[in-house]
Amino acid sequence: MNVIDTSRPPERAAAKVADFKPSLLLSENHHLCPGCGEPVAIRLILEVIQELNLTQNNVCILGHGCYGSFIMQMDVDSTLCLHGRGPAVATGMKRMRPDVAIWTLQGDGDMASEGLAEIMHTAARGENITCFMLNNGVFGDTGGQMTAASVVGQRTKNTIEGRDAAYHGNPIKVAEILANMDGTAYVARGSVHNAASINATRKLIRKAFLRPMHGHGLALMEILTMCPTGWFVPPGQGAEYMMESLGKVYGLGELKDVASETETVNP
Ligand SMILES: Cc1ncc(C[n+]2csc(CCOP(=O)(O)OP(=O)(O)O)c2C)c(N)n1
Ligand code: SF4
Ligand SMILES: [Mg+2]
């Protein structure tokens with residue numbers, strides 16, 4: 001067996017042996033904060049699109065949030081829409097081009113607060129689109145204010161003593177609501193707080209693209225993402241903080257799947 005001697009420094013410097021960047025990602029640099037989970041989630045989505053052979057056959061509709069800057073960094077046909085209106089815009093596109101994988105990139109502020117009506121009506125109609133909600137429990141882009149998804153006790157810019165259920169209300173769990181609606185084909189929640197969760201989330205994203213492509217209905221893929229800036233924690237503590245707060249309320253895994261695992265896409 002080849003044993004690496006770790007008792008002294010390596011004789012040679014580490015060398016890059018392969019390019020791991022998905023082709024749809026134009027640059028590995030981004031303008032988001034250190035420790036932000038959104039670039040990880042977006043990269044995963046792009047990797048799955050490539051894996052499924054959908055690179056020439058997908059359109060992204062972005063809402064408004066920090067993730068919006070990725071419109072300049074993804075080699076994907078995309079458009080921005082009004083805050084929360086992604087599922088409505090995606091509906092129009094999908095009805096015009098049923099052969100194309102249409103996906104929305106939204107945040108919890110965008111989907112659970114500003115666009116709750118849009119996602120619910122789109123789910124009820126069973127539109128064959130994939131909707132992503134990057135959930136960090138805050139309006140990150142505007143400074144970390146409370147959203148409908150902030151958890152009870154969570155400190156945000158405008159709930160500095162923590163979200164109080166009696167005063168601010170309880171969090172709205174979009175995934176749980178949609179899983180109980182006719183019209184949704186697939187509902188799952190992933191996370192990007194460590195390598196194992198990233199790997200598990202990749203598998204969920206795959207199904208979230210496949211189910212609508214096979215005409216089963218809408219897929220909602222929620223991904224918990226770190227926002228150390230909005231949570232007032234150092235970047236290195238974001239992952240732990242997330243699982244101690246959002247992670248306790250938002251359980252990970254599949255909430256609904258109407259189809260079999262074996263489906264593939266042949267665009
Ligand atoms: C109708 C409307 N209201 C408010 C805003 C301001 N706004 C822009 S981004 C944003 C926060 C978005 O939060 P979220 O979707 O959770 O994304 P995050 O920044 O947390 O990734 C808000 C409130 C807007 N652009 N349009
Ligand atoms: S404010 Fe939060 S969501 Fe926005 S880039 Fe910074 S860490 Fe990411
Ligand atoms: Mg947010």
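(Helices, H or I with at least four residues, and strands, E with at least two, are DSSP runs numbered from the N terminus.)

I noted that this is a predicted model: local features need pLDDT of at least 70, side-chain atom pairs count only at pLDDT 80 or more, and totals for chains, interfaces and linings use all residues. Residues are numbered from 1 along each chain as its sequence is written, chains are lettered from A and ligands numbered from 1 in the order in which they are written, and side-chain values use heavy atoms, leaving out hydrogens and water.

Next I looked up which atoms do the holding: Asp108 (OD), Asn136 (OD1) and Val138 (O), 2.1 to 2.2 Å from the magnesium ion.

Buried or exposed, I wondered about aspartate 108? It's buried, with a relative accessible area of 1%, and valine 138 is buried too, at 2%. (Buried is under 20% relative accessible area, exposed over 50%, partly exposed in between, with a 1.4 Å probe and protein chains only.)

Then helix 4 (residues 116-125): its buried residues are Ile119, Thr122 and Ala123. They cover an arc of only 100° around the axis (taken from the directions from the helix axis to the C-beta atoms), which puts them on the same side of helix 4. After the helix comes glycine 126, with a positive phi near 65°.

Definitions and conventions: Donors are N, O and S atoms within 2.8 Å of the metal (3.2 Å for Na, K and Ca); water is not among the atoms, so sites may look incomplete.
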